[in-house]
Each structure stands twice: as C-alpha cells, then as structure tokens.
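Let's walk through this structure together, in questions and answers.

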Amino acid sequence: MIQTKPPKLKVCKVCECNFLAPPGLLRAKVCGPVCAGKIGRAQRIKAEKARLVREKRETREKLSILKPRGYWLARAKKAIQQFRRLEELAKGRGCMSCGRSQEEVTGTDSWKPGGLWDGGHFLSKGARPELALEPLNIWLQCKSCNGGSGKYARKGYTVNQSFEANLIAQEGAELVEWLKGPHEAKHYETDEIKSIEATYTAKTKELKARQAHA
Ligand SMILES: [Zn+2]
Ligand SMILES: [Zn+2]
C-alpha cells in the first residue's frame with residue numbers, strides 16, 4: 001500500500017500566502033501565474049543590473065590597459081603617501097621638520113585646502129626615483145614645511161636639514177644613511193605597481209576602520 005503524505009501547504013515566495021502546489025508542480029515556489037510573473041520581472045531587473053555592472057567593469061578594464069605606467073605609478077605613490085600621513089597622525093606624531101605637534105599646528109596655522117598635513121618625502125621623488133615607492137622615505141610634515149616656507153624652521157636650519165636632524169633623532173642615523181643610499185634602480189611592472197597601490201589603499205581603509213572603532 002502506498003502511503004501518501006498529506007499535501008503540505010506551502011508559503012508563496014512573493015505574496016506569502018499559503019498555497020497547495022498542484023500535482024504537476026510540486027516544487028512550485030509561488031502561488032500562481034501572477035506571483036510567478038512578479039518573480040520573473042525581479043529576475044530580469046537583477047540580470048539587467050548585473051549586465052550593467054559587468055559592462056562598466058569591462059570598460060574600466062579596457063581603459064586601464066590604455067593608461068601609461070606613469071599613471072599607475074602616480075596613483076601608487078599617492079596611496080603610500082596618504083597611508084604614511086594617516087599612520088603618523090594616528091601615532092600622534094608632529095611635523096618632522098619644524099617639530100611642531102599636531103595641537104600646535106592646528107592652533108596656529110590657518111586652514112589650507114587638503115588639510116594641515118602632508119606625507120613629506122625626506123629625499124625628493126625627483127632626486128631619488130628609486131625611493132618613489134619607499135614608505136620609510138615619507139614622514140609627517142606640516143603644510144608650511146612641506147611647501148618649503150621655512151617659516152617655522154629652526155634658526156640656522158633649512159627645512160630639509162631639520163627634517164634630517166629630527167629623523168635621525170627619532171628613527172636613528174642608520175635609517176637616514178640607508179635612505180641616502182646607494183639604491184638599486186628599480187623597475188616595477190605595471191601589475192606590481194597596481195598591487196602596491198591596492199595594498200596601501202587597503203592599509204588606509206583598515207587604519208580608518210580601526211580609528212572609527214577606537
Ligand atoms: Zn503568491
Ligand atoms: Zn613643519
């Protein structure tokens with residue numbers, strides 16, 4: 001004797017009514033053609049959205065292949081610089097050149113577009129292209145010092161000399177000697193440069209998330 005289970009009521013995925021699936025459609029998830037039509041429409045909209053996202057990504061990829069290596073290098077440099085600036089600010093550090101603290105700079109300097117702080121290079125990018133992607137060549141500098149104004153520089157010192165003296169005092173002479181070189185000329189492939197940018201963008205995101213939860 002065949003035992004037939006009593007028919008079970010199902011809940012429609014769309015209208016949430018209870019319905020009895022007809023014998024030929026035991027796996028039906030909707031109560032009838034009206035709700036089936038609604039699901040079909042939602043699926044079509046979803047597919048269309050996915051297609052647009054895909055198209056946009058493909059266009060972006062096509063364009064990015066056309067970008068010269070220098071474009072990616074500039075982006076990677078910017079990402080490292082931004083991370084170093086935020087990292088040093090988070091550590092509570094002040095300006096590596098004039099030595100002013102964050103409170104002092106906030107208290108005296110007028111607001112400047114882009115904020116009061118920069119990730120400043122110890123050795124300039126132009127002079128040391130091989131250090132272009134070296135995070136330890138970048139330290140916190142107030143906008144005045146990074147702009148080279150020397151307004152707050154120690155008496156008798158240039159902005160760069162103060163940078164060096166403070167960097168030695170804080171990080172040690174060894175680092176400064178190492179930065180001054182010599183360094184091997186580095187040639188980064190575009191993919192490498194892109195992955196460096198991604199690494200630092202992620203570090204920045206992580207740092208900001210940590211601060212938001214602090
Ligand atoms: Zn329904
Ligand atoms: Zn300064």
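**Helices and domains**

Helices are DSSP runs of H or I, at least four residues, numbered from the N terminus. This is a predicted model, where local features need pLDDT of at least 70 and side-chain atom pairs 80 or more, while totals for chains, interfaces and linings use all residues. Residues are numbered from 1 along each chain as its sequence is written, with chains lettered from A and ligands numbered from 1 in the order written.

Q: Which residue just after α6 takes a positive phi?
A: The place to look is just after α6. There, the phi is about 100°, and the residue is G181.

Q: Is E189 buried or exposed?
A: E189 sits in the loop between α6 and α7. Because E189 has 10 C-beta neighbours inside 10 Å, E189 counts as exposed.

Q: How far apart in space are E189 and T106?
A: In sequence, E189 and T106 are 83 residues apart. C-alpha to C-alpha, the distance in space is 40 Å.

Q: What separates the centres of domain 1 and domain 2?
A: Domain 1 covers 27-66 and domain 2 covers 68-213, with bounds from an automatic or database domain assignment. Taken over C-alpha atoms, the separation of their centres is 45 Å.

Methods. Helices (H or I, at least four residues) and strands (E, at least two) are DSSP runs, numbered from the N terminus. A residue is buried if 20 or more other C-beta atoms lie within 10 Å of its own, exposed if 12 or fewer, and partly exposed in between; C-beta atoms are placed from the backbone.
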